[in-house]
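Subject: Structure handover

Hello,

Please find the structure below. My notes on what was found follow it.

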2 protein chains.
Amino acid sequence: MATRFMSMRNLQFTMHELIGKQKADLYKANDKQAEKATDMILKAAFEFAKDAMHPIFEEMDRQPPELDAGVVKVHPDVRTIMQTLGEDGWIAAPFSEKWGGYDMPATTFNAINFIFAAANYSASVYSNLTIGAARLIYTFGSEMLKETYLPPMLEGKWQGTMALTEPDAGSSLADIKTMATPLDDGSYLISGEKIFISAGDHNGVDNVVHLMLAKIINSPAGVKGISLFVVPKLRPDENGNLIKNDVIVNQIFHKMGYKGAPITGLTLGENKNCKGYLVGEVNKGLFHMFQMMNGARLDVGASATAIATAAYHCALDYTKARKQGRKFSDKNAKDPVSIIEHADVKRMLLFQRSVCEGSLALNMQCGLYEELIHLLDKDQKIKFELLLDILIPVAKSFPSEMSIFSTSQSLQCFGGYGYCDDFPVEQHFRDTRIHPIHEGTTAIQGMDLLGRKIRMKDGKALSLLTEEIKITISNANNYPEFRIDAKDLTDAMEMVLSTTQTLARMGQEKGEEAYLANATVYLEMFGFFVIGWVWLNQAIAAREGLSNDRLKKADRLFYQGKIKVHEYYFANELPKIVSLSQVLTRNPPVTMSVEAEHFTN
Amino acid sequence: MATRFMSMRNLQFTMHELIGKQKADLYKANDKQAEKATDMILKAAFEFAKDAMHPIFEEMDRQPPELDAGVVKVHPDVRTIMQTLGEDGWIAAPFSEKWGGYDMPATTFNAINFIFAAANYSASVYSNLTIGAARLIYTFGSEMLKETYLPPMLEGKWQGTMALTEPDAGSSLADIKTMATPLDDGSYLISGEKIFISAGDHNGVDNVVHLMLAKIINSPAGVKGISLFVVPKLRPDENGNLIKNDVIVNQIFHKMGYKGAPITGLTLGENKNCKGYLVGEVNKGLFHMFQMMNGARLDVGASATAIATAAYHCALDYTKARKQGRKFSDKNAKDPVSIIEHADVKRMLLFQRSVCEGSLALNMQCGLYEELIHLLDKDQKIKFELLLDILIPVAKSFPSEMSIFSTSQSLQCFGGYGYCDDFPVEQHFRDTRIHPIHEGTTAIQGMDLLGRKIRMKDGKALSLLTEEIKITISNANNYPEFRIDAKDLTDAMEMVLSTTQTLARMGQEKGEEAYLANATVYLEMFGFFVIGWVWLNQAIAAREGLSNDRLKKADRLFYQGKIKVHEYYFANELPKIVSLSQVLTRNPPVTMSVEAEHFTN
């Protein structure tokens, strides 16, 4: 199998030359020592990913988890991986020193997620889910809950999960039916059913801790009556011994890809002996959960980017090695050329890079804003909170949707071989298809962007974003070679803004349904625009890299290649905004007048 | 599993109201009896597909073929299906009466392919490949070859294959290495290796007949030295007994989808005892093969359309049954609505229908031209030959590429369930990914369209096509409600034509490589344009259907729904031409200046 699954050079470019420079400008910090320390951490993550995770990438797909007499059996290396990630501090790293961490910066955390997911997405989710669940306890839990649950979770001994979805409540969490009845000891009796719970149970850990949404009896209807609970598989009794907590795995789902991680259905309280412990405030469960949702959505974006990146590297290796056909300029050559010499293969590779490196840059941009929110004081941080808010739906959905097309093009580079399991691209294509679904479907992201984020604080987030983009445009105008791109991005921005206004008017005239009818299309347009912005930033950073007189050949080629991918993006992808804007401004949307009964035959 | 996999109503609309009417106008034939006979045949095909093929759709995926001691074991029903299709005349139907057929018209043949592939794509390829191979023998073979091979093939007892690809020669057939050495008895000794041979061997038949490309020793280099042979698995000896012909299955490929049909690697003549029989003329093998290629490419388009259609019907059933969320106009309703009521779900369904029904209409349009070529005399038929030639790359690639997106949207309609094998959509998504690869990749289709078809006979095919499209535009202008659409299609046509001219100039200035650099993008633009044409034709036919005063409610809803899908296509898909035209006219293409060494990191 392919040994290369990512480019450390590109990751470092993104973190240091693109994002680190912005951080230095904004936070007046330019810490070469911190940069070097980060590189050592990334290197260590890469080595672990390469040695422990990547070698079992295909095995975990071929031998998916099995439910055997109530026990979910996963690949034996899952236990070793969780143990090592716990013992070596990777799981605790984002937490405070008290819990064994060092408040790892968000960009470093995102980079590690990216590395692990590129090596083996399924293997990367166990620890990642644990971190997400632990963060909820860490942020909203009582001291008692923290003392009980955080140490074994951060040591990689206990698995954490997010248990939201139910058979009749996926996108619509208002309809969950899992109930919580208060008990005298301050805990709650839980009963209900959950489905699609990732890593919801397995034999690679000693216990599983579900961060679960449920309704306390007699609480208000809808989302205002949802509370958050810790519901462990094994709960500590009064003597601290772990006893069964009446959480039963009733099924594991057989998925098309992402097979290495078990997705489970859970029955809670079948024997009326399932206890849950309230996290945070009563009826504030969804609110608490959503404060963590930004992180979860960035993780999905990073994972989709990582899978597409790994598939791209497979395709790159293959197109360099595989010889077939001749160039048009030398049609009668005796020997065939490497297929990377063919224009259409170059186009496919450029497309893949434009998606992968654009998505990574956006993910890191969001990571930077997250860091600044924690570093800056209240007055300053509000700006970055709003920027993060408006970018999250794009950072989740653009990589998720585009990774389908990107991995599909990786597969296409192999011809018939790409469709077979001789190479791992077909697995990447299957694995990545989950991303537009989990942590809020693409449709949900579109409604979040157009319905909430664009309008919040009278459009403040959007105007802050356009200010940032204008800075990039102004920087680009300093380089004669980027002036046309600056103009193209300006035009794109004006088109996005005027489309937004047209939609607002349509909403005023025809109501919310008309305003949001094409929210997914709006999200797509907005995504192509935002990725255009991060590409122009990358091109400028590469141009600055090239200005170094004593550049090594490999670095020169890297920067030149980066600018070529930027050129490709502005030539072939950014123009998609024009058509999408036409779609959006067509009034009224067709979906307003088509009825279910029109779909009878 | 879903029992509905296609709409007979829509197939009949496409065949009779859309295409049949054109045929009546062109060929002065308006034969209601023939229409009824066709319907009976389609009904019979549908019943067989529903009862014999569809029930094993998932089984054939879960229990893929196995290579066991040199024998490829397939699902036991394959033998029954082949036998029935043979005995009941389905395989012989497209051939002349002498061979048990009735010269079945191309549109009927395409419709049956569509029905079978929608029910179970893998199960449909066995007979289809046999027909393709038999057609080569029928058209170019000697009487002796016909007498020997056609009867058992058309009876479903012997499998036919197309054996082109080799380990180092897929898209580039000039480089095949399989050799043919003349023997005294007029046959040839074959030696070499073939890969990716669909149904290349299996235990559902008594013999396998490969229509194989090979080079006769000392023949010219490249494509001009390729000949076509019949190479059977078992060959008749002088007494007519079948003996082994030294054709060995060396592997079967493990594919991501389309698992029910074995794709094999073959070793030929390992023991110097593999005989082949020349079909047609020496060194004209590729030429002969390509005369059959139009049919094979239409089959792929029909199959991709069929898979997307089956996935759409799964999604349709689910979105009607599944209740979740509320409408914006009734947010506090107690009960959730069927998800088909949500605007974004309607959008996804409209997209799927626009792809499926647009692709089917184009497939049938091509079928009509094929029929006319056979019906008309030489002077008249040249027009339809050229129309068919220019449409084939679109009819192959548009459904193939778009079925990835369409099945992906079907899957998305299910949320998390779509990613699991509880429903068959994930299989459709995997199955259909083969289509942009086999029978000429999408890149090959792009070069065929822009490099050959657009330029042939001084652009005659393109001007004939625009004449046809102008007739549609003129018809649309007769209906006030379609005047804007007529204008939109006119604008699209002008954009396509001016883009074509810009590319021609670019080619004159910068050479063939620049002209063809974005041929795949050109194909995509051309596809959206051509499908716009067939959609406007469908809308007009539906409008005519609505004009009937005594319409049943189901028919009225069908026609109204059809016009809604047309509206969707013109609002949301046709505008993509604008962006693609911008991409194509950017000069010079980025792929001209990016080098392999720019892809180092």
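Helices (H or I, at least four residues) and strands (E, at least two) are DSSP runs, numbered from the N terminus.

Before the rest, a note on the source. This is a predicted model, in which local features need pLDDT of at least 70 and side-chain atom pairs count only at pLDDT 80 or more, while totals for chains, interfaces and linings use all residues. Residues are numbered from 1 along each chain as its sequence is written, and chains are lettered from A and ligands numbered from 1 in the order in which they are written.

Chain B, helix 6. B:Thr148, B:Tyr149, B:Leu150, B:Met153 and B:Leu154 are buried in this helix. A residue is buried if 20 or more other C-beta atoms lie within 10 Å of its own, exposed if 12 or fewer, and partly exposed in between, with C-beta atoms placed from the backbone. The buried residues of helix 6 of chain B pack against several elements of chain B, including helix 4 (77-87), helix 5 (106-140) and strand 6 (207-216). Just after helix 6 of chain B, B:Gly156 has a positive phi of about 80°.

Chain B, B:Asp448. This residue sits in helix 12 (residues 442-453) of chain B. B:Asp448 counts as buried because it has 22 C-beta neighbours inside 10 Å. Leaving out residues up to four places away in sequence, B:Asp448 touches B:Pro393 and B:Lys453; contact means that the C-beta atoms of two residues, placed from the backbone, lie within 7 Å. B:Leu516 is 68 residues from B:Asp448 along the chain, and their C-alpha atoms are separated by 10.0 Å.

Helix pairs. Two packed helices are described by the angle between their axes and the distance between the axes. Axes are lines fitted to C-alpha atoms, for helices over the stretch in contact, and angles run from 0 to 180 degrees between N-to-C directions. In chain A, helix 5 (residues 106-140) and helix 8 (residues 293-321) pack at about 150°, with axes 9 Å apart. That makes helix 5 of chain A roughly antiparallel (an angle over 145 degrees) to helix 8 of chain A. Their contact has 10 nonpolar, 8 polar and 1 charged residues. Here Ala, Val, Leu, Ile, Met, Phe, Trp, Tyr, Cys and Pro count as nonpolar, Asp, Glu, Lys and Arg as charged, and the others, Gly among them, as polar. In chain B, helix 5 and helix 9 (residues 343-375) pack at about 145°, with axes 7 Å apart.

Domains of chain A. Chain A is divided into domain 1 (8-144), domain 2 (159-282) and domain 3 (291-590), with bounds from an automatic or database domain assignment. The C-alpha centres of domain 1 and domain 2 of chain A lie 25 Å apart. Their contact takes 28 residues from domain 1 and 27 residues from domain 2 of chain A. Helix 5 of chain A supplies the largest share of the domain 1 side, 13 residues.

Between chains. 79 residues of chain A are in contact with 79 residues of chain B. Helix 17 (residues 553-573) of chain A gives the most to the chain A side, with 10 residues.

Regards

Note on methods
Parallel < 35°, antiparallel > 145°, perpendicular 65-115°, else oblique.
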